[in-house]
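Please read it alongside the sequence and coordinates.

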Amino acid sequence: MDICIVGAGYVGLSTAVGFAEHGHRSVCVDINQKRIEDINSGVCPIFEPGVEEALRRSISKELLKATLDLKGALETSEVVFITVPTPCDDSGKMDTKFIDKASKDIAKYISSYKVVVVKSTVIPGTTESVVMKNLEAAGKKHGVDFGLCMNPEFLREGHALEDFLKPDRIVIGSADIRAGDVLEKLYEGFNAPMLRTDIKTAEMIKYASNSFLATKITFANEIGNICKLLGIDVYKVMGGVGMDKRINPHFLRAGCGFGGSCFPKDVSALLNKGREAGHEPRLLDTVLKVNADQRKLMVRHLRSKMDLKGKRIAVLGLAFNPDTDDVRESAAIDTVQGLIEHGADVSVYDPKAMDNFRKLFPGITYAKSAKDALKGADACIIATDWDEFKKLESKDFDSMKNKVILEGRKTLDKSKVKSFEGVCW
Ligand code: NAD
């Protein structure tokens, strides 16, 4: 099938190369010219394992190209995915401005029947109240000029392509059977259970999933904080808890809090939508509050050991997760901010996320390697569990002035590094 993907970021690009692996042809449309040029020359504008190789394969088979020209891209496409950002506004509600603009642009150029699919994470009601409304306001008739679906994406950054190609489930919410059938056909060959729903249910499945996962992490963090005070290893505890098949072992790793481009904003958006609808979501509110506190724990913990003023502190890991260059809402942001506020001299290192972090904190020291960041440091904080850090040995920390090592993610190997402390274990 011929597909148009509006928004060539983590989700849009993974969708395009993923469908290309199944032989479908995509045109990625973006408003960022540099991104378009990079994609067309086979350079992946984001770091995501396997995506650049898949991108080059797709281009060489003429299954993928990128353009600024939405009108041209729509002419040749049967299905149009919307994969633009849905950040929160200052009040914590989902901001519809990107979805609004993208759907108005699509509405302007549709000249024959298209299946419009919202893949961005949108709060229940948005697909109909923004996308359907914009298409109809431009004179397009639902069922005649367009069909409408909501198809949430569940991929994890760092595993985006793998997750896109092997999803746990495919959810297709549709406003009409015809559009849902077209989308179901596009996913033919994906070995995953298919769930057909109405549009609002599909929208809500995504928010409920992310809110549950954020809650699960927060629960592990809460237990970790108690365990630390009681001298119990929370990782052993959660190992035992996760063996219960009603619970499962995933998302029970206690640490310095969740971050990233999805969980914080999605929990916040659902919390606000719940309030707007007349329900006070106390659990979601608490999850966000506990998490905000957890992200400050590393600096608080370090301050209980030393006065940070004038101290050199190394922070290893800036991305919100390993295997990504994404620093949106990363725990390192709160950590570095806290260190600066308390007068520390901060030196940081990350294998892939330095350029993105530099845009937020241009004034700190960016080291060439983990060892380089550790030189002369009074303390070290590990905020992302990159494989590279798992290989560190005691001797790699010898150049520190004081060997105070605080772990936020259970990264270091106890058999290789003798003395370090976990933030909640
Ligand atoms: P992103 O910021 O990486 O990419 C979005 C892209 O859209 C950018 O390249 C931007 O230039 C482009 N864009 C913005 N407005 C546009 C317009 N009018 N026309 C064309 N392009 C436009 O975002 P992302 O991380 O891929 O997230 C996209 C959506 O997918 C969000 O709703 C997000 O919540 C959801 N989602 C993200 C993930 C994830 O792990 N990143 C996972 C599942 C769902």
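A polar side-chain atom of Glu157 lies 2.7 Å from a nitrogen atom of the ligand, a polar contact in the sense of a pair of N or O atoms within 3.5 Å. The model is predicted, so that local features need pLDDT of at least 70 and side-chain atom pairs pLDDT 80 or more, while totals for chains, interfaces and linings use all residues. Residues are numbered from 1 along each chain as its sequence is written, and side-chain values use heavy atoms, with hydrogens and water left out.

| Side chain | Ligand atom | Distance |
|---|---|---|
| Glu157 | nitrogen | 2.7 Å |
| Lys265 | oxygen | 2.7 Å |
| Arg328 | oxygen | 3.1 Å |

Of the 830 Å² that the ligand exposes when taken alone, the protein buries 92% (Shrake-Rupley accessible areas with a 1.4 Å probe). The ligand is surrounded by 26 residues, the closest being Val11, Asp30, Thr86, Glu157 and Lys265, where a residue counts if one of its heavy atoms lies within 4 Å.

Turning to the fold, eight strands form an open sheet of mixed pairing in the order S3-S2-S1-S4-S5-S6-S7-S8; strands are DSSP E runs of at least two residues, numbered from the N terminus, and two of them pair if DSSP finds at least two bridges between them. Strand S3 (64–67) and strand S8 (194–197) are the edge strands, each pairing on one side only. Strand S1 (residues 2–6) and strand S4 (residues 79–82) run parallel and are joined by four bridges, and Ile5 has Phe81 as its bridge partner in S4.

Methods. A polar contact is a pair of N or O atoms within 3.5 Å; within protein, one must be able to donate a hydrogen and the other to accept it, and residues adjacent in sequence count only if both atoms are side-chain atoms.
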